[in-house]
There are 2 protein chains.
Amino acid sequence: VIRIPTYVRGIKQGSIAASARPEIVRQTAAMTLIDAHYTFGQVSSLFATDNVVTKAREHGVAIGATFNSRHVGRLGYYPTRAAAQGVALLVALGNLGNAAAPFGGRTGVMGTNPISFGFPSDGQQGPFLLDFATTAVAYGKVMIARDKHEQVPPGALLDKEGWPTTDPNALMQGGALLPFGSHKGYALALMATLLSTVLVREGEDREGGDSTKVFFCAIDTRVFGDDESKLHGGAGGGEGVLRRHVTSAPQAASTVFEKVRATPPAEGFDEVLIPGEPERRSAERRRKEGIPVAEDTWQAIMKTASEVGVSV
Amino acid sequence: VIRIPTYVRGIKQGSIAASARPEIVRQTAAMTLIDAHYTFGQVSSLFATDNVVTKAREHGVAIGATFNSRHVGRLGYYPTRAAAQGVALLVALGNLGNAAAPFGGRTGVMGTNPISFGFPSDGQQGPFLLDFATTAVAYGKVMIARDKHEQVPPGALLDKEGWPTTDPNALMQGGALLPFGSHKGYALALMATLLSTVLVREGEDREGGDSTKVFFCAIDTRVFGDDESKLHGGAGGGEGVLRRHVTSAPQAASTVFEKVRATPPAEGFDEVLIPGEPERRSAERRRKEGIPVAEDTWQAIMKTASEVGVSV
């Protein structure tokens, strides 16, 4: 919700084409290239997700990309949606910009370049979900810290002179976020850029248009193992199909997660969690208790609402 | 070279089948499943790399996996090889074990679960190469620290009681490595496991055999953009093929790298480097000056050589 004012401004200024629809400009059995036509990134990313998931379920693997995309919201939504179809999904979005410094650098030259990866699991803890900015903290979380008048953790932010700071205002004043995990997070940030902005060579010639690109890679979790009848077109799992493996990948994932969760917790931890669990727990709690919104954020939303004549 | 004694022991004990050859057990246009038959992991991984690179150049994307694999050596070799063919390659290898603790855990429950990703570049700095263990330090580097009688950096290692230590001997005495970048590195470690050990459901039923599995995903860098004639089967780039984009992905990568390298260096850094550059510089230097080997490592190699009657 913190982005509502930005989205409304985008529609007003014409950078978001709220009623445009994504369009497939080129496809094969294994790949789909989509012009997002500057509609909401949520719309074009959902379209791309469903497209590559369908292709992956048919062929085992499929890649897709959108160009002329706008802000896609929470990246983790798309892999979670794919997981419900038994499909693992990697989503990456990286570009040049000024939000994030490279490892060893003093100023911002990249975006926060998030990566998300989901994998289905039959276990109670639900699907696996990796979903993070390749910076030490996400841009949105710095915005939240600013609105809450809190500091960001040390080691996450440089001021405009390139010195370490914990003041969230420094980011909007010409500072830059640092990569997580030093050179390793930096390498992942560049990987995200290579898979999206660099790999997709379209959408760059539109006058004045910055073309955000998003990369999708879907893998059917049946591809290397079970349910061979489906993947090989055998009729209804007939007797001619060799089925050596009764454990599906989502079942195997669940077994792995149980083993990892059984690790004794370290000092300061109550339990070992699987990536995706904290977010799902938080979602459940908020469905019951409501979603806390910082006062400054709420005021900004109210101001935007009144500007466009919406009563809240 | 630090693994030579382990490899020789593996051959003697029968866990490495030195003269076995990898075999394709199932394939489609988009995927290849390979039984490594316990040959050297270097041999089966090279086979898998060349296979998925060829398929990706034909279809845009291809995934492959080996099972019954042995230690694959330096993971970064394979993406570098793919990059020379204009193909981006992701390689991941993850399993359960006792080398690495999960985020928030006290004991080892996973391997060091390395990931590597390469992308071709036309620039002077050569191809991009991400190549790292998802632990704060790699297992092999702890072995080197032990042989050199050095400490490992703080924050990388737990002793067998789950307390932080910098003593490399702690790892072999029941300790565990910590993930890099806390929960983010941990999520990547599990991602590597899901893509290899979990996704591949074969090779687990062999008596007494632990089946190491390796995942490969190759993407032709022409897939979303340039050189459409090749990808769409057009004869020799005829006039009917629309070629809007003269910048290839490897050229675009080079442009991105130049911008990132131009970032002013932070305190304590001479320059901003692209992932893969430090390793390539080191390789060049060692080609001229030789490769330093720790005395303890050399003695272990000599001892192994004399045991198998090889004079060095």
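Please keep in mind that the model is predicted.

I'll start with the interface as a whole. On the chain A side, 80 residues are in contact with chain B, and on the chain B side the count is 80 as well. The size of an interface is often given as the accessible area lost when the parts come together. Here the two chains bury about 6900 Å² between them. Of that area, 75% is on carbon and sulfur atoms. If you want to know which residues of chain A lose the most area to chain B, they are Lys184(A), Arg201(A) and Phe224(A). Together those three account for 13% of what the chain A side buries.

Now the helices at the interface. Helix α8 of chain A, residues 249-261, meets helix α6 of chain B, residues 182-198. Their axes come within 10 Å and cross at roughly 140°. Because of that angle, α8(A) counts as oblique to α6(B). The crossing is right-handed.

Which residues make this contact? From α8(A) we have Ala249(A), Ala252(A), Ala253(A), Val256(A), Phe257(A) and Val260(A). From α6(B) come Tyr186(B), Leu190(B), Thr193(B), Leu194(B) and Val198(B). Sorted by class, that is 10 nonpolar residues, one polar and no charged.

Next, α6 of chain A and α8 of chain B. These axes also come within 10 Å, and the crossing angle is roughly 140°. That angle is why α6(A) is described as oblique to α8(B). Again, α6(A) passes α8(B) in a right-handed crossing. On the α6(A) side the contact uses Tyr186(A), Leu190(A), Thr193(A), Leu194(A) and Val198(A). On the α8(B) side it uses Ala249(B), Ala252(B), Ala253(B), Val256(B), Phe257(B) and Val260(B). The division by class is 10 nonpolar, one polar and no charged.

On to the charged pairs. How many salt bridges are found across the interface of chain A and chain B? There are two. In one cross-chain pair, Glu267(B) bridges to Arg106(A), with the closest N and O atoms 3.8 Å apart. Glu267(B) sits in the loop between α8 and α9 of chain B, and Arg106(A) in the loop between β5 and β6 of chain A. There is also a salt bridge from Glu267(A) to Arg106(B), where the closest N and O atoms are 3.8 Å apart.

Last, a helix pair within chain B. Helix α1(B), residues 4-13, packs on helix α10(B), residues 295-307, at an angle of about 25°. The axes are 9 Å apart. With that angle, α1(B) is therefore roughly parallel to α10(B). Ile4(B), Pro5(B), Val8(B) and Lys12(B) of α1(B) meet Ala300(B), Ile301(B), Thr304(B) and Glu307(B) of α10(B). This contact has five nonpolar residues, one polar and two charged.

Technical notes. Residues numbered from 1 in each chain as written. Chains lettered and ligands numbered in written order. Predicted model: local features only at pLDDT ≥ 70, side-chain atom pairs only at ≥ 80, totals over all residues. Heavy atoms only, no water. Axes fitted to C-alpha atoms, helices over the stretch in contact; angles between N-to-C directions. Helix = DSSP H or I, 4+ residues; strand = E, 2+ residues; numbered from the N terminus. Parallel < 35°, antiparallel > 145°, perpendicular 65-115°, else oblique. Left-handed = near helix turned anticlockwise from the far one by under 90°. Contact = heavy atoms within 4.5 Å. Nonpolar A, V, L, I, M, F, W, Y, C, P; charged D, E, K, R; others polar. Buried area = accessible area lost by both parts, 1.4 Å probe. Salt bridge = Lys/Arg side-chain N within 4 Å of Asp/Glu carboxyl O.
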